[in-house]
Amino acid sequence: MARPQDPFIGRDILNGQFQILQKIGSGGMGSVYKALQPAMNRMVAVKILHPKLANRKDLVSRFRREARAMSHLTHPNTVKVYLYGELEDGSLYIVMEYLDGKNLNQTVRSEGPMPLQRGLPILIQASNALEEAHRAGIIHRDLKPENIFLSQQGGMKDYAKVLDFGLAKVTEREMRPGSIILTQEGMVFGTPEFMSPEQAQGKPLTPASDIYSLAVILSEVLTGKLPFDAKNPMEFIQLHVTAKPRPINERVPGKTFPPILWTVLEKALAKKAEDRYQMGGELAHALQAVLNGMTEVPPYQNGQNAPVLGAA
């Protein structure tokens, strides 16, 4: 039996400003489409949330607030938001830059763990993007390899773009690996494998929560393994709260890393938020020291680091 045609495909929205061409992703919250913007002669990505969510005033106000905040972010490693609002049927939408490439999860799964010289610049770019967001009072809340996209820009390979800054994402309650977990109110609060201890306990979040998630991502990027061995999402949550992460030199037999890398990761993976790096720029500074082959991280001064674009 043929699947029903998506009602948005082939449709013009916002008085013909955008022509929706094809669906490029979907989830419990809604769908993402590739669309043409004829006036600008460019492709864009349009995220449309389910119309049924329009009745949730808390979600609508959070969506608007965070879309507005995201639209003001200008860091080159943050996905650009061009427009946001509500369609005639009540669906919430965001128009973003269209990216061509693969996310970090797809890249590691198809190509295997990355060497330091490739993996670190990607995470440095993501950390610098988060510095701007953190200064603007935005916490990502759901950092995972799927939300770091690798494209080519200006001839640079591995140009990282951070996606989905804490938008009002809603999904069905699922407990499989990689699924979003919901609070009783239906608000997203993370993905089990990459969740900070305070997130796992439902506590208020600071930028240091994103730092923890980035450190988990980096561990997986470099080794193909997470800092904890767990059989299911609930066990991951428990281990984030209670267990010490396994040192990165113990994750892959025969593979070793410079001691400074574990010094940085151990700090970023501290159980208490106040014991970690506090902002994206501080983590970027520490990772740059690792990339530069230093044996210890020099003192950090706010705002001293410049974005690192492309692989070293």
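# Briefing: helix packing and buried residues

R118 has its place in helix α3. This is a predicted model, and its protein chain holds eight helices and nine strands. Of the 312 residues in the protein chain, 54% are buried. Among contacts between residues at least 6 apart in sequence, 58% join residues at least 24 apart.

- Leaving aside residues up to four places away in sequence, R118 touches T107, E111, K157 and D158.
- E193 lies in the loop between β9 (156–162) and α4 (197–200).
- With a relative accessible area of 9%, E193 is under the 20% cut-off and so counts as buried.
- E193 and P233 are 40 residues apart in sequence, while their C-alpha atoms are 6.8 Å apart in space.

**The nonpolar cores**

- The largest nonpolar core has 69 residues, and L104, L123 and L261 touch the most other members.
- L123 touches L104, L214, I217, L218, V221 and L287, not counting residues up to four places away in sequence.
- Another core, of 13 residues, lies apart from the largest one, and its members include A35, V44, V46 and V95.

**Helices α3 and α5**

- Helix α3 covers residues 116–135 and helix α5 covers residues 207–223.
- The axes of α3 and α5 are 10 Å apart and the packing angle is about 165°.
- An angle over 145 degrees counts as roughly antiparallel, so α3 and α5 are roughly antiparallel to each other.
- α3 and α5 make a right-handed crossing.
- On the α3 side, the contact is made by L116, G119, L120, L123, A126, S127, L130 and H134.
- On the α5 side, the contact is made by P207, D210, L214, I217, L218, V221 and L222.
- By class, the residues of the contact of α3 with α5 are 11 nonpolar, three polar and one charged.

**Helices α5 and α7**

- The axes of α5 and α7 are 8 Å apart, and the two helices pack at an angle of about 140°.
- This angle lies between the 115 and 145 degree cut-offs, so α5 and α7 are oblique to each other.
- From α5, the residues I211, Y212, A215, L218, S219 and L222 meet L261, L265 and A268 of α7.
- The contact of α5 with α7 has eight nonpolar residues, one polar residue and no charged residues.

**Helices α7 and α8**

- Helix α7 covers residues 259–268, and helix α8 covers residues 280–291.
- The axes of α7 and α8 come within 9 Å and cross at roughly 165°.
- That angle is over 145 degrees, and α7 and α8 are therefore roughly antiparallel to each other.
- The crossing in which α7 passes α8 is left-handed.
- I260, L261, V264 and A268 of α7 make the contact with L283, A286, L287, A289 and V290 of α8.
- Sorted by class, the contact of α7 with α8 has nine nonpolar residues, with no polar and no charged ones.

**Residues that link the topics**

- L123 is among the residues of the largest nonpolar core that touch the most other members, and L123 is also part of the contact of α3 with α5.
- L261 is likewise named among those core residues; L261 meets α5 residues in the contact of α5 with α7 and takes part in the contact of α7 with α8.
- L218 of α5 is in the contact with α3 and in the contact with α7.

Methods:
Residues numbered from 1 in each chain as written. Predicted model: local features only at pLDDT ≥ 70, side-chain atom pairs only at ≥ 80, totals over all residues. Heavy atoms only, no water. Core = buried A, V, L, I, M, F, W, Y, C linked by side-chain atoms within 4.5 Å. Buried < 20%, exposed > 50% of the residue type's maximum accessible area, 1.4 Å probe, protein only. Contact = heavy atoms within 4.5 Å. Axes fitted to C-alpha atoms, helices over the stretch in contact; angles between N-to-C directions. Helix = DSSP H or I, 4+ residues; strand = E, 2+ residues; numbered from the N terminus. Parallel < 35°, antiparallel > 145°, perpendicular 65-115°, else oblique. Left-handed = near helix turned anticlockwise from the far one by under 90°. Nonpolar A, V, L, I, M, F, W, Y, C, P; charged D, E, K, R; others polar.
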